[in-house]
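Biologist: I'm new to this structure, and I'd like a close look at one part. Could you walk me through the salt bridges, please?

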Amino acid sequence: MRAARLIRMALLIQSTPGLTAAALARGLEVSERTVIRDAQALQEAGIPVRSERGRAGGYFLAPGYRTRLTTLNPSEAETLFLSGLPSALRDLGLSAAADTARLKLTATLLPSLREAAESSVRRFHLDAPAWFREPPTPDVLPELARAVWADRAVELSYARPGRDGAPPASVSRVVEPYGLVLKAGTWYVVARSRGANRDGGWRTYRVDRVTALTPAAGRDEPFVRDPSFDLAAHWEERSAAFARTLLRTTVRVRLTARGLGRLPSVVDGAAIGDALASATAPDPAGLVTLDLPTESEEVAFDQLARLGAHAEVLAPATLRARFRAQASALAVLYGAADPDGGRRPGVNQR
């Protein structure tokens with residue numbers, strides 16, 4: 001709705017004076033022409049928005065003016081209290097600060113909004129880690145989080161995984177930590193590498209592999225952040241690229257309509273787009289053939305086995321042979337079985 005967009009635009013200009021039309025267009029997901037029209041609409045509504053040209057130009061509010069648009073509505077209050085992960089705050093050493101902040105915020109809300117915020121906490125809980133494992137909190141995480149907050153360069157010792165079964169190798173890096181990401185219970189730090197023979201490029205390190213962390217020598221002042229860096233966008237791009245690098249094997253498979261419909265639920269998300277793009281038109285029997293990118297034949301076997309008779313592997317021959325052997329073993333197991341206790345072929349009895 002335009003009214004909500006106008007409010008967002010006024011708040012953006014108030015919180016970040018000097019935003020350009022291009023920056024506002026990106027933040028509001030509209031065109032620059034729409035930003036110009038919205039600025040005129042705000043002026044007509046009595047909000048003193050002004051634009052300045054030049055290198056330091058952009059959109060500003062008149063000096064000393066602050067909007068009265070900062071009152072939360074019930075939906076906003078509910079959402080705000082869902083914006084943090086309790087386990088993540090605990091890992092970062094910020095749970096006490098977060099509790100205090102919530103108390104202060106609650107005290108400033110109107111009684112009706114206070115009830116809405118408390119209601120959301122009673123109804124929703126976000127739990128990031130995956131099932132059946134409790135990843136340990138890395139010892140260096142709170143200290144690393146402080147470095148991220150303070151824009152302090154650090155020297156970290158890192159246990160880099162060895163290749164082909166080799167033991168991990170310890171390496172030392174001087175980095176500027178830009179942000180922390182919690183993915184499926186595992187913490188990662190996104191940093192820009194610095195120091196001798198380093199290219200200043202972006203690196204991602206698993207925090208549980210950081211064995212030591214110290215302030216970077218000779219770097220007493222905070223580093224200057226790249227203002228164009230967007231942590232969420234960077235992580236999405238790099239994680240998608242990483243997922244695709246794992247897909248080293250291609251399997252040709254023939255699927256029924258049901259198998260094709262279930263395919264996205266059993267294979268990796270990074271593979272499904274390419275697989276569906278390669279799909280042939282259904283043959284007279286309604287079967288579709290496609291090339292499925294996957295990590296390995298082992299992974300493909302586990303994934304496609306879930307589709308049962310709705311998937312037939314055509315290539316590679318070694319994977320097809322494995323499914324044939326599995327089918328034969330199942331036929332022996334179930335073909336002449338006596339579920340009431342008789343001896344079943346293929347099953348050892350003592």
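Modeller: Happy to! Let's begin with a term: a residue is buried under 20% relative accessible area, exposed over 50%, and partly exposed in between (1.4 Å probe, protein chains only). This is a predicted model, where local features need pLDDT of at least 70, side-chain atom pairs count only at pLDDT 80 or more, and totals for chains, interfaces and linings use all residues. Residues are numbered from 1 along each chain as its sequence is written, and side-chain values use heavy atoms, leaving out hydrogens and water.

A salt bridge here is a side-chain nitrogen of Lys or Arg within 4 Å of a carboxyl oxygen of Asp or Glu. Searching the whole structure turns up 11 salt bridges.

Let's look at Glu 312, which is partly exposed at 31% relative accessible area. Its side chain meets that of Arg 254 in a salt bridge, with 3.0 Å from N to O. Arg 254 sits in strand E8 (residues 249–255) and Glu 312 in strand E10 (residues 311–315), so this pair ties together parts 58 residues apart in sequence. Strands are DSSP runs of at least two residues (helices, H or I, need at least four), numbered from the N terminus. Arg 254 is partly exposed too, with a relative accessible area of 28%.

Glu 312 also forms a salt bridge with Arg 320, and the closest N and O atoms there are 3.0 Å apart. Through shared partners, Arg 254, Glu 312 and Arg 320 are joined by salt bridges into one network. Arg 320 counts as partly exposed, at 30% relative accessibility.
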